Amino acid sequence: MSETEKKFCPNCGSEVKKTAAFCPKCGEGLKGEKKPKEVENKAPVRPEPPEPHYNSRDFDVRIPAEYKPISMWGYFGYTLLFAIPCVGFILALVFAFGGTPNINLRNFARSQFCFFILVVVLCLIIFLISAIAGAALYTSMY
Ligand SMILES: [Zn+2]
């Protein structure tokens, strides 16, 4: 075989016959023409969804009310609100059990509610320990 009868595939670099219309390895067209089948397989270009721009003004508009993020001042305000004795507890209770359509606020209220329970339980434990200690002290004195 002479040199002129050989050429190389421009796609994968494998040696192919000069007369070959397509590369036997990768199917690349060697005479300026392409296999219709390969062209189909080589174009899996999926249209990328547009990047959401989080800082834009219409971000709030596109998001349904239930998924709207709470702003930094929103969190600050709600934290203050929930910190009010009795009133805050009732508000957290209302928000935690569907008083708001917003999932973020509901979850925040639920976490606050858990915090309230934790505080109540801790207070009870401290009260019980001091009561037991007080009783023990009382009985030891007499
Ligand atoms: Zn090839």
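Of the 142 residues of the protein chain, 7% count as buried, a residue being buried if 20 or more other C-beta atoms lie within 10 Å of its own, exposed if 12 or fewer, and partly exposed in between, with C-beta atoms placed from the backbone. The model is a predicted one, in which local features need pLDDT of at least 70 and side-chain atom pairs count only at pLDDT 80 or more, while totals for chains, interfaces and linings use all residues. Residues are numbered from 1 along each chain as its sequence is written.

The protein chain has 5 helices and 2 strands, in the order β-β-α-α-α-α-α from the N terminus. Helices (H or I, at least four residues) and strands (E, at least two) are DSSP runs, numbered from the N terminus. Among contacts in the protein chain with a separation of 6 or more, 20% join residues 24 or more positions apart; two residues are in contact if their C-beta atoms, placed from the backbone, lie within 7 Å.

Turning to the loops, Glu-28 is found between β2 (15–17) and α1 (36–41). Glu-28 counts as partly exposed because it has 18 C-beta neighbours inside 10 Å. Beyond its neighbours within four places in sequence, Glu-28 is in contact with Cys-9, Pro-10, Asn-11, Cys-12, Phe-22 and Cys-23. Pro-64 and Pro-101 are 37 residues apart in sequence, and 9.7 Å apart in space from C-alpha to C-alpha.

The loop between α3 (72–83) and α4 (87–96) holds Cys-86, which has a positive phi of about 65° although it is not a glycine. Cys-86 has 7 C-beta neighbours inside 10 Å and therefore counts as exposed.

Axes are lines fitted to C-alpha atoms, for helices over the stretch in contact, and angles run from 0 to 180 degrees between N-to-C directions. Leu-81, Phe-82 and Ala-83 of α3 meet Gly-88, Leu-91 and Ala-92 of α4.

The axes of α4 and α5 come within 8 Å and cross at roughly 135°, which makes α4 oblique to α5. Residues making this contact include Phe-89 and Leu-93 of α4, and Arg-106 and Phe-116 of α5.

Finally, the largest nonpolar core has 7 residues: Phe-82, Ala-92, Phe-95, Ala-96, Leu-105, Phe-108 and Ala-109. Two or more of its residues come from each of α4 and α5 (103–141). Such a core is a set of buried Ala, Val, Leu, Ile, Met, Phe, Trp, Tyr and Cys residues joined through C-beta atoms within 7 Å. Leaving out residues up to four places away in sequence, Leu-105 touches Ile-70, Phe-95 and Thr-100.

How values were computed. Parallel < 35°, antiparallel > 145°, perpendicular 65-115°, else oblique.
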